[in-house]
Amino acid sequence: MAWMWALLLTVLAMTSGAVGANSGRAHLSVVGATSVLAYLRRAVPEWERNHPGYTVSLSGGGSVAGLVEVSQGRASLAVSDIPPREEWTGSKPLVAVPLGRLPVVFIVNQTVPARAVRVKTLRALLAGRETTWPRTRVPVVVMTRPLASGALQVVRWRVLGGQRLSPRAIVQLSNGAMLAAVRETPGAIGFLETGRVPAGVRTLAIDGREYSARSPADWSYFSTPTLYYRVDASPEVRDLAQFLASRGFRAQYGITGDAS
Amino acid sequence: MTLRSGRDRLPNRMAMGAALVFGLLGSSLIASLILGGWRILGEPRALANLLSNVWDPLAGHYGIGPFVVGTVVVSLLALVVSVPLALGTAVVVSQSVGRWVKESATQALNVLTAVPSVIFGWWGLQMVVPWVRTHAGGPGFSLLAAGLVLALMVLPTLALFFTQALARVPETYREASLALGGTPDRTLVRVILRCALPGLLNGLFVGVARALGETMAVQMVIGGNTLMPSGLRDPGATLTTQIITDMTVFPPGTRGHAVLDVMALILMIGMYLLVRLSERWGRLS
């Protein structure tokens, strides 16, 4: 029995030590879209340094998860690429702080002969009406993201005018999985939220416009990652949101300008 | 005396407490799934809607037929590929090799059962999907790729169970068969495999349960397509992969979440039936 008491006391000592070490430290949490996670990972420690006594945790989970968690008071800030809907927030009003614009780039496998397409053709390819690449017999393999993806919403509403993507589209759970799948699959086309032209794939120019990190304003397709907090949020949460939305180095992560 | 008896009872009480917590957690999980799914199950024509082949949650169509088919096909394919290989491995390990090889092989199988599923998925993306694309055509992301990855995942588990089942057959049975003039092959088929059958089936049910429940590795290679697949080369989805794909878009309380609860319930019922079958055959063995 002695060992059991020793174990119990050790656990209690460790627990009380942990509590003691954390006492006086407040914790904030940011939950949601992973598209700007890399930027947040750099910006949040800077805010923590300016606010001793505060720790901030960052988690993914997707835009909808972030909105639900903030609405229910389980997270301090949500990051979302898509506007909140009533069924997610339970009609609770949220304050929006736009981070900026994040390009949605169309990528294709290296075997795809096309470098540029008209938006009409892009629409037909993504909707599954064109099953081979123009002027070739290379079959088109459409890659998409889950319904909760902000990039998918941009593609659906800005390119397809509200139509659905091809019912045969292959679903990839993350930006990384999308990139890997398009890179490895001959004839594949997909889309990414990114500020950098990724290696190993080609980007498609649409209607004569090609995405370039040097002149992102010329590009027409972008998502608008936005921070959301509850109207009764603490001053620190509001301060954190404003801080994150105003860092100059956002551009290094592809986030540019305002969201308007 | 009182203090001593109190101390003596402590481990029992702790064990009972832990069991109670476990029981409560399990019951609350099942209760939450039933309550969550009731929103759909209580609707008129719920079964017809659920068993249809159209999954378009934004338009209110929640047919889970393609996922049930995907789950069954991928699991069956995995078993068709893995059972003969696992049985062959088990026969070799338990019958024909020296002690050192036997122990090494068992350790290797134990290690393989502990490999995280994402590693199998990653391997599937690198090796199986391109192989399927080259040899079977199509995009490579398919039920076939998922079945092959799953086969490799369940293979070590099946081989371990099969090895244990074969090891439980008394050595005297084999010796008696050989002494009566039976060839080694005949002894294997007519005596050893027959005697080990309940244990083999027990292992098979555990393998099926693992195949049914696997999510991550399958999600990485199956394609996540929600249409009814028309062949093994087609992309598709299983109940578990669709839950993980759509769970972030349907928060608790929504109709879509209720359908995901029903899908989880179906899986749990399937698992329960498999466990019961496994217990039944285990008792017989």
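This is a predicted model: local features need pLDDT of at least 70, side-chain atom pairs count only at pLDDT 80 or more; totals for chains, interfaces and linings use all residues.
**Entry 1: chain B overall**

I began with the secondary structure of chain B. I found 11 helices and 2 strands there. Then I read the order along the sequence. The pattern is α-α-β-β-α-α-α-α-α-α-α-α-α. I looked up the extent next. The C-alpha trace of chain B spans about 75 × 70 × 35 Å along its principal axes. For burial, I noted that 40% of the 285 residues of chain B count as buried. I also checked contact range. Among contacts in chain B with a separation of 6 or more, 73% come from residues 24 or more positions apart.

**Entry 2: helices α6 and α8 of chain B**

I took α6(B), residues 143-167, with α8(B), residues 184-213. Their axes come within 8 Å and cross at roughly 150°. Angles over 145 degrees count as roughly antiparallel, so α6(B) is roughly antiparallel to α8(B). I noted the hand of the crossing as right-handed.

Which residues of α6(B) meet α8(B)? I listed B:Leu150, B:Val154, B:Thr157, B:Leu158, B:Phe161, B:Phe162, B:Gln164, B:Ala165 and B:Leu166. From α8(B), the residues they meet include B:Ile192, B:Ala196, B:Leu200, B:Val206 and B:Arg210. The α8(B) side also includes B:Gly199, B:Gly203 and B:Gly207. By class, this contact has 12 nonpolar, 6 polar and 1 charged residues.

**Entry 3: helices α5 and α6 of chain B**

I stayed with α6(B) and turned to α5(B). The two pack at an angle of about 135°, with axes 9 Å apart. That makes α5(B) oblique to α6(B). The crossing is right-handed. On the α5(B) side I found B:Ser117, B:Phe120, B:Gly121, B:Gly124, B:Val128, B:Val129, B:Val132 and B:Ala136. On the α6(B) side I found B:Leu144, B:Ala145, B:Leu148, B:Val149, B:Leu152 and B:Met153. I sorted this contact by class and got 11 nonpolar, 3 polar and no charged residues.

**Entry 4: where chain B touches chain A**

How many residues does each chain bring to the contact? I noted 19 from chain B and 20 from chain A. I then looked for the elements on the chain B side. Both α5 (117-136) and α10 (239-246) of chain B supply at least two residues each. The chain B residues that touch chain A divide into 9 nonpolar, 8 polar and 2 charged.

**Entry 5: strand β5 of chain A**

I moved to β5(A), residues 102-108. Is this strand enclosed or open? I found 7 of its 7 residues buried, so β5(A) is largely enclosed by the rest of the structure. A:Leu102, A:Val104, A:Phe106 and A:Val108 point one way. A:Pro103, A:Val105 and A:Ile107 point the other way. Both sets are buried.

Then I went through the pairings.

- With β9(A), residues 188-193, β5(A) pairs in the antiparallel sense over 5 bridges. Here I found A:Val104 opposite A:Glu193.
- With β12(A), residues 222-223, β5(A) is joined by 2 bridges, and the two run antiparallel. A:Pro103 stands opposite A:Phe222.
- With β10(A), residues 202-203, β5(A) is joined by 2 bridges, again antiparallel. The partner of A:Ile107 there is A:Thr203.

Methods:
Residues are numbered from 1 along each chain as its sequence is written. Chains are lettered from A and ligands numbered from 1 in the order in which they are written. Two residues are in contact if their C-beta atoms, placed from the backbone, lie within 7 Å. Helices (H or I, at least four residues) and strands (E, at least two) are DSSP runs, numbered from the N terminus. Ala, Val, Leu, Ile, Met, Phe, Trp, Tyr, Cys and Pro count as nonpolar, Asp, Glu, Lys and Arg as charged, and the others, Gly among them, as polar. Axes are lines fitted to C-alpha atoms, for helices over the stretch in contact, and angles run from 0 to 180 degrees between N-to-C directions. Angles under 35 degrees count as roughly parallel, over 145 as roughly antiparallel, 65 to 115 as roughly perpendicular and the rest as oblique. A crossing is left-handed if the near helix is turned anticlockwise from the far one by less than a right angle, and right-handed if clockwise. A residue is buried if 20 or more other C-beta atoms lie within 10 Å of its own, exposed if 12 or fewer, and partly exposed in between; C-beta atoms are placed from the backbone. Two strands pair if DSSP finds at least two bridges between them.
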